[in-house]
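Visitor: I would like to learn how to read the features of a model like this one. Please take them one at a time.

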Amino acid sequence: LRSLVGSEMCIRDSPMGLLKNTELQSLNLSENNLKQLPDEIGELVTLQELNISYNELESLPQTIGSLSNLQELNLYKNSLKSLPESLQNLQELQLLWISHNKLAELPVWVSKLSKLSKLAVAFNHWTKLPESIGNISKITRRFRDSLIFIIFVKKIIQEFRHTIFF
């Protein structure tokens, strides 16, 4: 078994038995009602693609940072409030979708993911975006322009708040 699609199955708990397969390269658990991932997710060291979009995840286990071969991580449309620091260990990561969550701060270490070429960050609760994000060397122009625009708008809003008089 190299690929497993378990989307739209109304899974509430992650399928623990399936996590024992160490040859799994692609795992799609999107559009379920997952509220958490088990720590055992970190044992899927051959995993290259993980899609856990459209769930109800509020956090991720630190063990997710053990997925050293992961190239694509789709966390779109969850309820994540923060990203675990262990994600900075994912040096093979090329695509990171974190749009439509409840993230307030994008960690600086995201800009150090050297192979990252696609980063989707829209529709979060951003209060802080590191300026170094615009300098990710491999990020495609479309995604870089989006990030620069978000940073630009945030700066304008901050400056505008300081100029309002009552």
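Guide: Start with secondary structure: helices (H or I, at least four residues) and strands (E, at least two) are DSSP runs, numbered from the N terminus. Ser111, for instance, sits in the loop between β5 (95-97) and β6 (118-120). This is a predicted model, in which local features need pLDDT of at least 70, side-chain atom pairs count only at pLDDT 80 or more, and totals for chains, interfaces and linings use all residues. Residues are numbered from 1 along each chain as its sequence is written, and side-chain values use heavy atoms, with hydrogens and water left out.

Visitor: Is Ser111 buried or exposed?

Guide: Buried means under 20% relative accessible area, exposed over 50%, and partly exposed in between (1.4 Å probe, protein chains only). Ser111 counts as buried because its relative accessibility is 19%. In the protein chain, buried residues account for 45% of the 166 residues.

Visitor: What does the side chain of Ser111 reach?

Guide: A polar contact is a pair of N or O atoms within 3.5 Å; within protein, one must be able to donate a hydrogen and the other to accept it, and residues adjacent in sequence count only if both atoms are side-chain atoms. Here the Ser111 side chain reaches the backbone oxygen of Val108 at 2.7 Å.

Visitor: Where is Ser82 found?

Guide: Ser82 lies in the loop between β4 (72-74) and β5. With a relative accessible area of 44%, Ser82 is partly exposed. Its C-alpha atom is 7.4 Å from that of Ala104, 22 residues apart along the chain.

Visitor: How many salt bridges does a search of the whole structure find?

Guide: Side chains of opposite charge can pair when their charged atoms come close. A salt bridge is a side-chain nitrogen of Lys or Arg within 4 Å of a carboxyl oxygen of Asp or Glu. The search finds two. One joins Lys35 and Glu56 at 2.3 Å, N to O. This pair links distant parts of the chain, 21 residues apart: Lys35 is in the loop between β2 (26-28) and β3 (49-51), Glu56 in the loop between β3 and β4. Lys35 counts as exposed at 52% relative accessibility, whereas Glu56 is partly exposed at 32%.

Visitor: Which residue forms a salt bridge with Lys115?

Guide: Glu92 does, with the closest N and O atoms 2.8 Å apart. Glu92 is in the loop between β4 and β5 and Lys115 in the loop between β5 and β6, 23 residues apart. Glu92 is partly exposed at 28% relative accessibility, and Lys115 is partly exposed at 33%.
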